[in-house]
Amino acid sequence: MTGTKYADLHVHTFYSDSTFSPEEVVTCAKEKGLAAIAICDHDTVDGIDPCMALGLKNGVEIIPGIEMSVEKMDAEIHVLGYFIDWKQEWLRKILKEIQDSRVERIFIMIEKLRGMGVKIDAEEVFKIAVNKGSVGRLHVAKAMLISGAIKNLREAFAKYIGFAKPCYVPYTKLSPVETMELILKAGGVPVIAHPDLIGNDDYINEFVDHGLRGLEVYHTDHKPHVTKRYEAMAKEMGLLMTGGSDCHGMGKGRILMGTVRVPYELVEKLKEEAKKIKDGPKYRS
Ligand code: AMP
Ligand code: FE
Ligand code: FE
Ligand code: ZN
């Protein structure tokens with residue numbers, strides 16, 4: 001490949017809620033001409049090793065990452081961790097607890113949906129989520145769609161399972177401080193994902209106080225004026241400006257990979273930042 005190299009820094013696999021296998025993820029990245037992609041599955045690192053093996057063969061650099069959710073009274077905040085030590089046992093143990101709680105909440109969500117006249121089976125949800133460490137609402141929404149209860153995925157979130165909607169059920173999450181500590185302890189660079197989806201920029205400060213390094217300024221769901229706002233905010237706060245498509249395979253109706261990408265120099269910056277974190281006091285190897 002000649003010219004500028006690009007990276008999509010927010011990609012999911014079917015180990016969380018994308019429909020794409022590691023093979024499909026890496027093939028797609030290659031087709032889109034991406035030099036690097038970051039695997040940022042929800043609460044699981046299981047997709048990283050298979051993607052890395054395939055990335056090596058196909059000339060696509062795989063950046064190990066994760067996406068974790070934090071919950072406030074009135075908002076949901078997603079935090080990305082780049083270059084985490086994904087093999088650490090202590091990290092996997094904490095993630096397993098979160099994953100178990102994700103499984104439990106599916107049954108409660110199904111009960112609530114039943115109360116609203118939507119009948120789906122847990123079996124169906126887990127069938128859709130097969131191979132995945134992190135079952136979630138996108139799988140529930142898909143089951144609702146198949147059952148004919150809704151016309152599109154948007155309806156599932158808008159009427160039933162979106163944050164604070166009648167069938168929304170939380171799973172065990174870490175606090176903002178705990179999330180930041182976990183990512184830093186794992187040697188990762190903490191970045192707030194799609195900040196506009198939080199709905200309240202005031203929440204960002206709390207994360208900055210605890211070592212936030214970047215904002216996902218460039219994201220599929222950010223309109224141009226929103227992107228400008230976060231560019232200004234990142235500059236003012238001295239944060240890195242990252243970006244990614246948040247590709248969920250076909251999970252969001254179309255393949256998003258590569259539609260949002262950043263120059264490879266940003267990957268170098270993230271690497272430098274990860275090194276600083278791993279040389280610092282919070283890191284536990
Ligand atoms: P969970 O991890 O189970 O809380 O589900 C969160 C995931 O659901 C997000 O990462 C998205 O993939 C998906 N999601 C959340 N809100 C929406 C929405 N309004 N439309 C489509 N997908 C959504
Ligand atoms: Fe997702
Ligand atoms: Fe997210
Ligand atoms: Zn995501």
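The model is a predicted one, in which local features need pLDDT of at least 70 and side-chain atom pairs count only at pLDDT 80 or more, while totals for chains, interfaces and linings use all residues; side-chain values rest on heavy atoms, with hydrogens and water left out. Residues are numbered from 1 along each chain as its sequence is written, and chains are lettered from A and ligands numbered from 1 in the order in which they are written.

Donors are taken as N, O and S atoms within 2.8 Å of the metal (3.2 Å for Na, K and Ca), and water is not among the atoms, so sites may look incomplete. Because His-78 lies in strand β4 (residues 75-82) and His-194 in the loop between β5 (189-192) and α8 (203-209), the pair ties together parts that are 116 residues apart in sequence. Helices (H or I, at least four residues) and strands (E, at least two) are DSSP runs numbered from the N terminus. The iron ion (ligand 2) lies 5.6 Å from the iron ion (ligand 3).

Strand β4 belongs to an open, mixed sheet of eight strands in the order β7-β6-β5-β4-β3-β2-β1-β8, where pairing requires at least two DSSP bridges between two strands. The edge strands, each pairing on one side only, are β7 (240-244) and β8 (262-263). Strand β3 (residues 61-72) pairs in the parallel sense with β2 (residues 36-39) over four bridges, Ala-36 standing opposite Glu-61 and Ile-39 opposite Pro-64.

Ligand 1 is surrounded by residues including Asp-17, His-42, Arg-102, Arg-105, Tyr-171 and Lys-252, each with a heavy atom within 4 Å. Oxygen atoms of ligand 1 lie 2.9 Å from a side-chain N or O atom of His-42, 2.8 Å from one of Arg-102 and 2.8 Å from one of Arg-105. Taken alone, ligand 1 exposes 500 Å², of which the protein buries 77%, as computed by the Shrake-Rupley method with a 1.4 Å probe.

How values were computed: Polar contact = N/O pair within 3.5 Å; in protein donor to acceptor, adjacent residues only side chain to side chain.
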